[in-house]
Amino acid sequence: MTASTREDGRPAADVPVLNIANVLTVLRILLVPVFVVMFFIAGAQESWWRVGAFVVFAVAMLTDYVDGYLARRLGLVTDFGKIADPIADKALISAALISLSLVGELFWAVTVVVLVREVGITLWRLFGVDYVVAASKGGKLKTVTQTLGVGMLILPLPHWVWPAEWVVMGIAVALTVYTGVDYLVKARRAALVRS
């Protein structure tokens with residue numbers, strides 16, 4: 001991969017790979033198996049372990065915001081971070097979705113739709129470098145609703161909250177599909193302009 005530049009114009013290659021932003025990204029990857037183990041203890045039926053799994057999920061998602069903020073604010077953008085960050089994000093959300101589907105608390109169709117979009121766009125960004133489109137506000141809203149919806153499903157909430165959980169997940173799925181299609185349309189337009 002060729003060296004890219006940071007916001008201050010310095011090559012990303014000049015930034016040490018071992019920095020706080022990348023450490024947080026690696027931490028998020030390491031928290032994925034911790035989340036899965038805590039979720040499945042006692043067959044995913046023990047409330048305290050579910051709360052613990054939620055805490056791990058929430059901390060990991062928080063590191064996503066913090067590492068991105070620090071990377072931009074402190075000029076710590078690296079080629080490693082550009083590759084590892086989306087992988088860490090997708091690994092965490094994928095693990096949560098699959099875990100919820102395995103215990104019958106989330107329709108597999110929802111999991112498949114979200115995973116196809118997330119993995120597909122991530123691969124496009126990693127390998128389709130000539131026609132990468134910047135993340136949109138819709139994409140950020142999609143991430144927020146996904147995180148909120150999955151987080152609510154992880155928690156052992158009372159039955160009367162379930163309709164709210166499904167409304168949030170429904171919005172998340174709709175945004176997931178919409179932003180995925182929007183991304184591909186914009187990428188196609190960019191390709192046509194450059195050709």
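Where does UniProt place the feature "transmembrane region"? The unreviewed entry puts it at residues 20-42, 48-70, 91-116 and 166-185; UniProt annotations may be inferred rather than shown by experiment. The structure is a predicted model, in which local features need pLDDT of at least 70 and side-chain atom pairs count only at pLDDT 80 or more, while totals for chains, interfaces and linings use all residues. Residues are numbered from 1 along each chain as its sequence is written, and side-chain values use heavy atoms, with hydrogens and water left out.

The protein chain contains six helices and zero strands, where helices (H or I, at least four residues) and strands (E, at least two) are DSSP runs numbered from the N terminus. Residues 48-70 are 100% helix, with end C-alpha atoms 32 Å apart. Residues 166-185 are also 100% helix, and their end C-alpha atoms lie 28 Å apart.

Of the 195 residues in the protein chain, 43% are buried (under 20% relative accessible area, 1.4 Å probe, protein chains only). Among contacts (heavy atoms within 4.5 Å) with a separation of 6 or more, 74% join residues 24 or more positions apart.

Methods
Buried means under 20% relative accessible area, exposed over 50%, partly exposed in between (1.4 Å probe, protein chains only).
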